[in-house]
Amino acid sequence: MSYLRAFILCLPLAVFPGLAAAQTASVAFGTVEADPTLPVEVTADNLAVNQADGSAEFTGNVLIVQGIMRLSADNVLVIYKTASEGGGKAGIERLEATGNVVLVSGPDAAESRYAEYTIDKGTIVMTGDVLLTQETGTLASNRLEVNLTSGTAKMDGRVKTILNPNGGSN
């Protein structure tokens, strides 16, 4: 996968060496809006719970499923709300995924080194060699913020893609 990733990241510069990369791009993500209020199913090889700070760490082949969204990673740290943060309700505050992070929603997929999913906001922020693959093409950047409730995404920092004169992008 790393050879393919390197090829895709370098391809825009090889084909259009004079193409200036954009700093910000807005894109759609997923075919339908996701529901961050649905239950979160987690599968992993190992689990370590820290009662002192109210966290749980899943390691090894972690797969998180929430409705139509799937997030996989090497490690996922689950941080729970305290009773005061949740307005008296317990629940998950956020998930922090590291290592080979892949987010899939419908036909769209994004990969990165790190992702943080804030449940109440319904947002996932991915950083570190972000690669977004869609039916119409591929985009690379330093940061991707996905709004699951609206089905939109925003890419920041050295956004790269190939623009085809006949329409679409690669």
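β3 and strand β4 (residues 55-66) pair in the antiparallel sense, with five bridges between them. The model is predicted. Ala48 stands opposite Glu57 in β4. The hairpin of β3 and β4 has four residues between the strands, and Gly54 takes a positive phi there, near 70°.

Strand β9 (residues 137-147) and strand β10 (residues 152-159) also pair in the antiparallel sense, over five bridges. Here Leu144 faces Met155 in β10. Four residues lie between the strands of this hairpin, and Gly151 has a positive phi near 75°.

## Overall make-up

The protein has 10 strands and one helix. Of the 170 residues, 38% count as buried.

## Around Asp45

Asp45 sits in the loop between β2 (41-43) and β3 (46-50). Is Asp45 buried or partly exposed? Its relative accessibility is 48%, so Asp45 counts as partly exposed.

Leaving aside neighbours within four places in sequence, Asp45 is in contact with Thr59, Gly60 and Asn61. Asp45 and Leu63 are 18 residues apart in sequence, and their C-alpha atoms are 9.8 Å apart.

## Salt bridges

The count comes to six salt bridges. One of them joins the side chains of Asp120 and Lys81, at 2.9 Å from N to O. Asp120 lies in the loop between β7 (108-118) and β8 (123-134), and Lys81 in the loop between β5 (69-80) and β6 (92-105), so the pair ties together parts that are 39 residues apart in sequence. Asp120 is exposed, with a relative accessible area of 59%.

Arg113 and Asp129 meet through their side chains in another salt bridge (2.3 Å, N to O). Arg113 is in strand β7 and Asp129 in strand β8, so this pair ties together parts that are 16 residues apart in sequence. Arg113 is exposed at 52%, whereas Asp129 is partly exposed at 38%.

## A charged network

Glu93, Arg94 and Glu96 are linked in a network of salt bridges. Within it, the closest N and O atoms of Glu93 and Arg94 are 3.0 Å apart. Glu93 is partly exposed, at 25% relative accessibility. Arg94 is partly exposed too, at 22%.

Conventions: Residues are numbered from 1 along each chain as its sequence is written. This is a predicted model: local features need pLDDT of at least 70, side-chain atom pairs count only at pLDDT 80 or more; totals for chains, interfaces and linings use all residues. Side-chain values use heavy atoms; hydrogens and water are left out. Helices (H or I, at least four residues) and strands (E, at least two) are DSSP runs, numbered from the N terminus. Buried means under 20% relative accessible area, exposed over 50%, partly exposed in between (1.4 Å probe, protein chains only). Contact means heavy atoms within 4.5 Å. Two strands pair if DSSP finds at least two bridges between them. A salt bridge is a side-chain nitrogen of Lys or Arg within 4 Å of a carboxyl oxygen of Asp or Glu.
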